[in-house]
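Subject: Structure handover

Hello,

Here is the structure I said I would pass on, with my notes below it. Please open it and keep it beside you while you read.

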Amino acid sequence: MKLHDIGPTPGSKKERRRVGRGDSSGWGKTAGRGEKGQKSRTGSRIRPFFEGGQIPLFRRLPKRGFKNADRIIYTLVNFSVLEANFNDGDVVDAESLRAKNLLSKNADDIKILANGQLTKKLTVRAEKFSETAAAKIRELGGTVEVVEG
């Protein structure tokens, strides 16, 4: 076998069907588009989800709810995360959390929650704290600093 002998497996490559090239080809005249109607015309394109003039599904369904464009989405950080990743006396803020890959790059505001056990004295800077979390940090001798977002 030589390089010039190599080719595709017989039957694996099909030539495309060239339509509209004369009646004797079997695909002439209407070129497989049928007789009349919108879809037989050249350049015709029916937009997606068009239902033939019937009120489309997205207009029949009720519109519900409201999403405030100015809402603030907090990234939640639990005590269990702080316990596992920080040492006694460390400062916990957005930069230190990002440095340890605990926050995504586009996360803006942080809220500290008291889920899990915390046994270390930490200085925590965040936009929000749950009441339980703030009380527990102060109880352990740490400091809670509310940062304006």
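Two strands count as paired if DSSP finds at least two bridges between them. Please keep in mind that this is a predicted model.

**The two sheets**

With that definition, V91 stands opposite T123 in strand 4. Strand 2 and strand 4 (residues 123–126) are joined in the parallel sense by two bridges. Strand 4 also pairs with strand 6, again in the parallel sense, over four bridges. Together the three strands make an open sheet with parallel pairing, in the order 2-4-6. Strand 2 (91–92) and strand 6 (143–146) are at the edges, and each has a single partner strand, so one side of each is left without a neighbour in the sheet.

There is another open sheet of three strands, with the order 1-3-5 and parallel pairing. Its edges are strand 1 (74–78) and strand 5; each of these has a single partner strand, so one side of each has no neighbour in the sheet. Strand 1 and strand 3 run parallel and are joined by five bridges. L76 has K111 as its bridge partner in strand 3.

**Helix 4**

Which residues of helix 4 are buried? In this helix (residues 131–139) they are A133, A134 and I137. They lie on the same side of helix 4, because they cover an arc of only 95° around the axis. An α-helix has 3.6 residues a turn, so residues three or four places apart point the same way. On the other side of helix 4, the exposed residues are E131, T132 and E139.

What do the buried residues of helix 4 pack against? They pack against helix 2 (79–85), strand 3 (109–113), strand 4, strand 5 (128–129) and strand 6. Just after helix 4 comes G141, which takes a positive phi of about 95°.

**The nonpolar core**

The largest nonpolar core has 20 residues. L82, I110, I112 and F129 have the most contacts inside it. Helix 2, helix 3 (94–99), strand 3, strand 4 and helix 4 are the elements that give two or more residues to this core. Helix 4 gives the most to it, with three residues. For a closer look at one member, take L82: leaving aside its neighbours within four places in sequence, L82 is in contact with V77, V92, I112, L118 and L122.

**Rings**

A search of the whole structure for aromatic pairs finds zero. One ring does have a charge over it: K100 lies over the face of F86, at 4.9 Å from the ring centre.

**The segment before helix 1**

G20 lies in the segment before helix 1 (57–60). Is G20 buried, partly exposed or exposed? G20 has a relative accessible area of 40%, so G20 is partly exposed. Not counting residues up to four places away in sequence, G20 touches W27, G28 and A31. G20 and G142 are 122 residues apart in sequence, and their C-alpha atoms are 81 Å apart in space.

Regards

Key:
Residues numbered from 1 in each chain as written. Predicted model: local features only at pLDDT ≥ 70, side-chain atom pairs only at ≥ 80, totals over all residues. Heavy atoms only, no water. Buried < 20%, exposed > 50% of the residue type's maximum accessible area, 1.4 Å probe, protein only. Contact = heavy atoms within 4.5 Å. Arc of directions from axis to C-beta. Phe/Tyr/Trp six-rings, centres within 6.5 Å; stacked < 30°, edge-to-face > 60°. Lys NZ or Arg CZ within 6 Å of the ring centre and 35° of its normal. Core = buried A, V, L, I, M, F, W, Y, C linked by side-chain atoms within 4.5 Å.
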